[in-house]
Amino acid sequence: MKYRSYEQGMTLLEVLVALTIFILMAGAGYSGLQQGLAIQDGLQQKRQYWRRLDTIMILLQQDFDQARNLSQRIPVNAVRPFVGASEPNPAAQGELVSFTRGGHASYSAGLVSPHLRVAYRLREGSLYRTTWPRLNMPESEQGTEAELIDKVTDIQLRFLDTTRQWNASWPTIPGTDQPPSLPLAVQLTLTLGNQQTYERVFNVGAAN
């Protein structure tokens, strides 16, 4: 009796076993590839998110650096140079802080005022920046609003006075001009949808 050697061919069972092993290995490789792509996509989204958050912090610092101790003269009820509160004001579209900003220039519109009004607002979980193109303007003039970031669950502001004390509002005595100057700094505590809290302190005004 002659016996067939392994080199002469594979039985159907051996083919099925080999095919099964190949399918399992291919499936494991595909699963690993998908998992790797998902991780890479998640990391990319996190990088974009942090980049966006960093851009917002830079914008805030630039605005606060350019804060000026100038009030609006129009309308008659002049707006104070710098007004802020620890929590959003529902009566003012969720306004957190508003102030006069200098350093404004436009090379396309000709001569323009170097001062404008800036406000930051929190509405429905989104932080907005609103600007008005000039300091003295009628009450009916609408500012230009831009959404900065969404999924904000909480935001708190504090204001540093000349005695190095933190205050929940500015002016420190609401409804008055005390003190009339700008705060030395603003502390921002931001809580986002990922339940992480971020805290930054911004200097206010070039003279401070």
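1. Burial. A residue is called buried when its relative accessible area is under 20%, exposed when over 50%, and partly exposed in between (1.4 Å probe, protein chains only). On that basis 32% of the 208 residues of the protein count as buried. The model is predicted: local features need pLDDT of at least 70, side-chain atom pairs count only at pLDDT 80 or more, and totals for chains, interfaces and linings use all residues. Residues are numbered from 1 along each chain as its sequence is written, and side-chain values use heavy atoms, with hydrogens and water left out.

2. Secondary structure. The protein has one helix and 11 strands, where helices (H or I, at least four residues) and strands (E, at least two) are DSSP runs numbered from the N terminus. Along the sequence the pattern is α-β-β-β-β-β-β-β-β-β-β-β. Taking contact to mean heavy atoms within 4.5 Å, 51% of the contacts between residues at least 6 apart in sequence join residues at least 24 apart.

3. Strands are said to pair if DSSP finds at least two bridges between them. An open sheet with antiparallel pairing has the strand order β8-β7-β10-β11. Its edge strands, β8 (166-167) and β11, each pair on one side only. β7 and β10 are joined by eight antiparallel bridges; Val152 stands opposite Leu192 in β10, and Gln156 has Thr189 of β10 as its bridge partner.

4. The two hairpins. β10 and β11 (residues 197-203) pair in the antiparallel sense over seven bridges, with Leu188 opposite Arg200 in β11. Four residues lie between these two strands in their hairpin, and Gln195 in the turn has a positive phi of about 65°.

5. The nonpolar core. A nonpolar core is here a set of buried Ala, Val, Leu, Ile, Met, Phe, Trp, Tyr and Cys residues joined through side-chain atoms within 4.5 Å. The largest has 30 residues, of which Leu60, Phe64, Phe82, Phe99 and Ile155 touch the most other members. At least two residues of this core come from each of α1, β3, β4 (116-123), β6 (144-149), β7, β10 and β11. The most are given by α1, with five residues. Apart from neighbours within four places in sequence, Phe99 is in contact with Asp63, Phe64, Ala67, Pro81, Phe82, Leu116, Arg117, Val118 and Tyr120. In soluble globular proteins, nonpolar side chains tend to be buried together.

6. Cavities. On a 1 Å grid over the protein atoms alone, a cavity is a set of points where a 1.4 Å probe fits but cannot get out, and a pocket is an open set with protein on both sides within 12 Å along at least five of seven lines; lining residues have an atom within 4 Å of a point. Grid points are joined across faces, edges and corners, and a volume is the space filled by probe spheres set on the points. For residue classes, Ala, Val, Leu, Ile, Met, Phe, Trp, Tyr, Cys and Pro count as nonpolar, Asp, Glu, Lys and Arg as charged, and the others, Gly among them, as polar. The lining of the largest cavity then has 11 nonpolar, no polar and no charged residues.

7. The second largest pocket. This pocket has a volume of about 170 Å³ and is lined by Tyr49, Arg52, Ile149, Asp150, Lys151, Leu192, Gly193 and Asn194. By class, its lining residues divide into three nonpolar, two polar and three charged.

8. Two loop residues. Arg80 lies in the loop between β1 (67-68) and β2 (82-89) and counts as partly exposed because its relative accessibility is 27%. Its C-alpha atom is 9.8 Å from that of Ser181, 101 residues away along the chain. Thr172 is in the loop between β9 (169-170) and β10; Thr172 is partly exposed, at 27% relative accessibility. Thr172 and Ala85 are 87 residues apart in sequence and 9.4 Å apart in space, C-alpha to C-alpha.
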